[in-house]
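Here are a few notes to read with the model open beside you. Take them one at a time and find each spot as you go.

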Amino acid sequence: MRAAVAAQFEGVFEKYVEAAFHHMWVEPKKMDDPEVAAKALAASGLDAAKLFARAQDADVKAKLIENTQSAVERGAFGSPTFFVGKEMFFGKEQLREVEELVSGSNSLPSLRAKRVARNRAPMTGPRAIHALILRMLRRMRARRTRHGAT
């Protein structure tokens, strides 16, 4: 988690997320092993040594504590948890709804009605989850670009 915060501080967060999920789900590796993770991130074009070193800095540790506290205060209790505005979505089964809200193809009231009306089969398979996360990242990037954010 600290490497993700370090990647945010270094301006390579999206690339880090894509690489991390790729190496967890598409080409599964033991990403909790620092040596394996470093090789995987480096193979994805990231400066793993720099990120791992940055992850030891006090400001990174403090930001992770702040992020964790904020998530707990908002009701997060596990992973993956996604927030779209104030709405919390927990579990990979909710990724479709998150994507629909982020892309603007659906509204929250409509999604709530769909949840009540039908019981959706959960998204399965690591490749499907990885592909969905990449689509969401691209859409968020495009939305920021359209609104003048960096």
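1. Let's begin with helix α1, residues 2-10. Ala3, Ala4, Val5, Ala6 and Ala7 are buried there. These buried residues pack against α2 (13-26), α4 and α5 (58-73). Just past the end of α1 comes Gly11, which has a positive phi of about 80°.

2. Keep in mind that this is a predicted model. The chain's mean pLDDT is 84, with 88% of its residues at 70 or more. Which element has the lowest mean pLDDT, and which the highest? Helix α7 (residues 108-117) has the lowest, at 70, while helix α4 (residues 48-54) has the highest, at 97.

3. Now for the inside. The largest nonpolar core holds 30 residues, and Tyr16, Leu41, Leu46, Leu51 and Met136 have the most contacts within it. At least two residues of this core come from each of α1, α2, α3 (34-43), α4, α5, α6 (95-103) and α8 (126-146). As background, nonpolar side chains tend to be buried together in soluble globular proteins.

4. Pick out Leu41 and look at its surroundings. Leaving aside residues up to four places away in sequence, Leu41 touches Tyr16, Ala19, Ala20, Met31, Leu46, Ala48 and Phe52.

5. Next, go to Ser44, in the loop between α3 and α4. Why does Ser44 count as partly exposed? Its relative accessible area is 25%, and partly exposed covers the range between under 20% (buried) and over 50% (exposed). Again setting aside residues up to four places away in sequence, Ser44 touches Lys15, Ala19 and His23. Ser44 and Glu18 are 26 residues apart in sequence, yet their C-alpha atoms are 8.9 Å apart in space.

Key:
Residues are numbered from 1 along each chain as its sequence is written. Side-chain values use heavy atoms; hydrogens and water are left out. pLDDT is the predictor's confidence in each residue, from 0 to 100. Helices (H or I, at least four residues) and strands (E, at least two) are DSSP runs, numbered from the N terminus. Buried means under 20% relative accessible area, exposed over 50%, partly exposed in between (1.4 Å probe, protein chains only). Contact means heavy atoms within 4.5 Å. A nonpolar core is a set of buried Ala, Val, Leu, Ile, Met, Phe, Trp, Tyr and Cys residues joined through side-chain atoms within 4.5 Å.
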